[in-house]
Amino acid sequence: MNNPIKTSMKETFRTHFPLAILAGICIAIGGTVNLRVGGVAGAVLFAFGLTTVVYYGLKLYTGTAGFIRRHGDWGMLAIVLLGNIVGCLLSALMIRYAQPDCVEKAGAILAGRLDKGAWACFLLAIGCGFIMTTAVEFARKGKMLPLILGVPVFILCGFAHSIADAFYFLTAPWEQLAEPMVGVVYIAEVLGNFVGCNLYRWIAPQDVRI
């Protein structure tokens with residue numbers, strides 16, 4: 001007799017994982033232009049990655065974490081996160097080979113995160129998560145301007161986006177990536193994004209919103 005939970009997870013993996021990989025690639029495209037252009041222009045152009053994710057209905061961790069049900073969606077969220085990281089890894093390997101000038105710039109971002117430490121990155125990731133869920137809420141109602149503005153806002157604020165940072169970290173020099181604290185900082189960002197993505201639900205539940 002088939003286990004319904006295993007069957008459900010297999011179906012979730014089959015349907016969500018490819019979409020999550022493609023979402024990671026889209027975010028990596030935004031990350032690449034940000035590395036090459038930088039400044040306000042790079043932050044604004046990064047928005048192409050997220051608008052593409054929303055337009056095609058792809059699965060992005062920060063676009064999913066704020067909308068999961070209290071029970072039953074944790075496996076799906078883990079699959080989305082894994083797929084996003086795989087997409088970032090594939091993109092990072094390509095960029096490392098084809099655009100080697102991005103490696104040092106990505107290393108500078110990683111060094112900055114390590115200098116701040118896990119707790120600071122956790123707090124910065126909360127801000128990013130809140131912005132991303134807000135932007136996606138608007139986009140689901142056909143209002144794209146907050147989505148376009150939200151990306152440069154979180155970048156210029158210095159907030160941490162766990163999927164964008166997956167791309168930056170994986171593009172950075174290997175010796176930096178091998179530092180033990182990288183994993184700790186990254187987990188802190190993932191958790192911080194989750195908190196930020198759900199902040200509006202925890203503070204202002206649906207039944208008390210005006």
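**Labels and the values behind them**

Mentor: Let's start with G31, which lies in helix 1; helices (H or I, at least four residues) are DSSP runs, numbered from the N terminus. Before going on: this is a predicted model, where local features need pLDDT of at least 70, side-chain atom pairs count only at pLDDT 80 or more, and totals for chains, interfaces and linings use all residues. Residues are numbered from 1 along each chain as its sequence is written, and side-chain values use heavy atoms, with hydrogens and water left out.

Trainee: Okay. Why is G31 called buried?
Mentor: Buried means under 20% relative accessible area, exposed means over 50%, and partly exposed is in between (1.4 Å probe, protein chains only). G31 has a relative accessible area of 0%, so it is buried.

Trainee: And which residues does G31 touch, not counting those up to four places away in sequence?
Mentor: F46, F167 and Y168, where contact means heavy atoms within 4.5 Å. Also, the C-alpha atoms of G31 and G42 are separated by 8.5 Å, and these two are eleven residues apart along the chain.

Trainee: What makes E11 and R14 a salt bridge?
Mentor: You need a side-chain nitrogen of Lys or Arg within 4 Å of a carboxyl oxygen of Asp or Glu. For E11 and R14, the closest N and O atoms are 2.7 Å apart, so the pair passes. Both sit in helix 1 (residues 4-37), three residues apart, about one turn of the helix. E11, at 39%, is partly exposed, while R14, at 54%, counts as exposed.

Trainee: How many salt bridges does the structure hold?
Mentor: Five. Another one joins R113 to D165, again with the closest N and O atoms 2.7 Å apart. That pair links distant parts of the chain: R113 is in helix 5 (residues 101-116) and D165 in helix 8 (residues 162-171), 52 residues apart.

Trainee: Where does E189 come in?
Mentor: The side chains of E189 and R113 also meet in a salt bridge, at 3.5 Å from N to O. Here too, distant parts are linked, since E189 is in helix 10 (residues 181-203), 76 residues from R113. Together, R113, D165 and E189 are linked in a network of salt bridges.

Trainee: Are those three residues buried or exposed?
Mentor: Buried: R113 has a relative accessible area of 11%, D165 comes in at 1% and E189 at 0%.

Trainee: Why are helix 6 and helix 7 called roughly antiparallel?
Mentor: Two packed helices are described by the angle between their axes and the distance between the axes. The axes of helix 6 (residues 118-140) and helix 7 (residues 145-157) come within 8 Å and cross at roughly 170°. Angles over 145 degrees count as roughly antiparallel (under 35 is roughly parallel, 65 to 115 roughly perpendicular, the rest oblique), and that makes helix 6 roughly antiparallel to helix 7.

Trainee: Which residues meet there?
Mentor: Among them are C128, I131 and M132 in helix 6, and P146, L147 and G150 in helix 7.

Notes: Axes fitted to C-alpha atoms, helices over the stretch in contact; angles between N-to-C directions. Helix = DSSP H or I, 4+ residues; strand = E, 2+ residues; numbered from the N terminus.
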